[in-house]
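Visitor: I have a structure to go through. Can you walk me through it?
Guide: Go ahead; here it is.

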Amino acid sequence: MENVKFQFIETNGIKLHMAVAGPEEGPLVVLLHGFPEFWFGWKNQLQFLAEKGCRVVVPDQRGYNLSDKPEEIDHYTVDFLRDDIIGIIEHFQKETAIIIGHDWGGAVAWHLAATRPEYVEQLIVLNIPHPKAMPRVFRKNPLQWIKSSYIAFFQLPNLPEKALSKGEFKAMQQSLEQTSNKNTFSKQEIEQYKAAWSQPGALTAMLNWYRAIRRGSLGQVPETKIQVPVRIIWGLGDQFLSPMLAKESLAFCEDADLVFVGEATHWVHHEQPEIINRLMDQFISK
């Protein structure tokens, strides 16, 4: 990728690897990936936002790819994950940042905006509900329990690692390919993901984000309404998360809008990059 530099920084007691692009004087934009991605998941947004004049930082979040991987499950609760991002903002000597998150990265973004809003200029989340919206929708929509059943499997020790890594991560590759639109992930891109998943300790660390739920991770997210401007972007074909979750999330925001994107799944930023980039640029430029 052109004009993208890679570096490690120390934050919150660990080292994080990240991709960085754009002018140093530009507004800071932090892009947060989810499971099972790494910085590369934002490849379609990184250079676009940099060319718009933003200072764009895309970390491998804790446990992923080349970043540090603490062994303790408790070190993957959202308070720890949030403080990693605060450390990034402070490292780049900015008072605030535009925070953009997908999947688990979006959960971290929600928590940061809810608990430390002084660091957040604007919030954009893709296909991830406010964490407190999930139990509300579970009560209304039993189908969401089925969609989320994989989370229970991930709680088991050792077995998920064996199942997911078998046959050169065949199950993880199939999950990406079968829950996205056809040809969303090329063979070359899948190889990049496999290289990240193959990093020592990475798979267990990635799963520990889910295992931390039983340690009260999502209970750390308050129900107080988020004050910063929020844009929720949602691919309508998401096989994991119901659109009802997106609508329910609006109740936790003072100033938010919701944009549904057709012909897109959970992997909306891969499938509809032009639409996503335009929606991001439009919101940031307000």
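Visitor: Which helices each supply at least two residues of the lining of the largest pocket?
Guide: α3 (104-115), α4 (133-140), α5 (143-147), α6 (150-154) and α7 (159-178) each do. Helices (H or I, at least four residues) and strands (E, at least two) are DSSP runs, numbered from the N terminus. This is a predicted model, with local features needing pLDDT of at least 70 and side-chain atom pairs counting only at pLDDT 80 or more, while totals for chains, interfaces and linings use all residues. Residues are numbered from 1 along each chain as its sequence is written, and side-chain values use heavy atoms, with hydrogens and water left out.

Visitor: What counts as a pocket?
Guide: On a 1 Å grid over the protein atoms alone, where a 1.4 Å probe fits, a pocket is an open set of points with protein on both sides within 12 Å along at least five of seven lines; lining residues have an atom within 4 Å of a point.

Visitor: And what lies nearest the centre of the largest pocket?
Guide: Lys147, Ser148, Tyr150, Ile151 and Tyr210, out of 39 lining residues. The lining divides into 27 nonpolar, 8 polar and 4 charged. Here Ala, Val, Leu, Ile, Met, Phe, Trp, Tyr, Cys and Pro count as nonpolar, Asp, Glu, Lys and Arg as charged, and the others, Gly among them, as polar.

Visitor: New topic. Where is His17?
Guide: His17 is in strand β2 (residues 14-21).

Visitor: Buried or exposed?
Guide: His17 is buried, because its relative accessible area is 6% (buried means under 20%, exposed over 50%, partly exposed in between, with a 1.4 Å probe and protein chains only). Beyond four places in sequence, its contacts (heavy atoms within 4.5 Å) include Phe6, Trp39, Asp60 and Ser67.

Visitor: How far is His17 from Gln144 in space?
Guide: They are 34 Å apart, C-alpha to C-alpha, and 127 residues apart in sequence.

Visitor: What about Gln61, where does that sit?
Guide: Gln61 lies in the loop between β4 (55-59) and α2 (78-91). Gln61 is also buried, at 3% relative accessible area.

Visitor: How many disulfides?
Guide: The count is 0, taking a disulfide as a pair of cysteine sulfur atoms within 2.5 Å. Cys54 counts as buried at 5% relative accessibility, and Cys253 at 7%.
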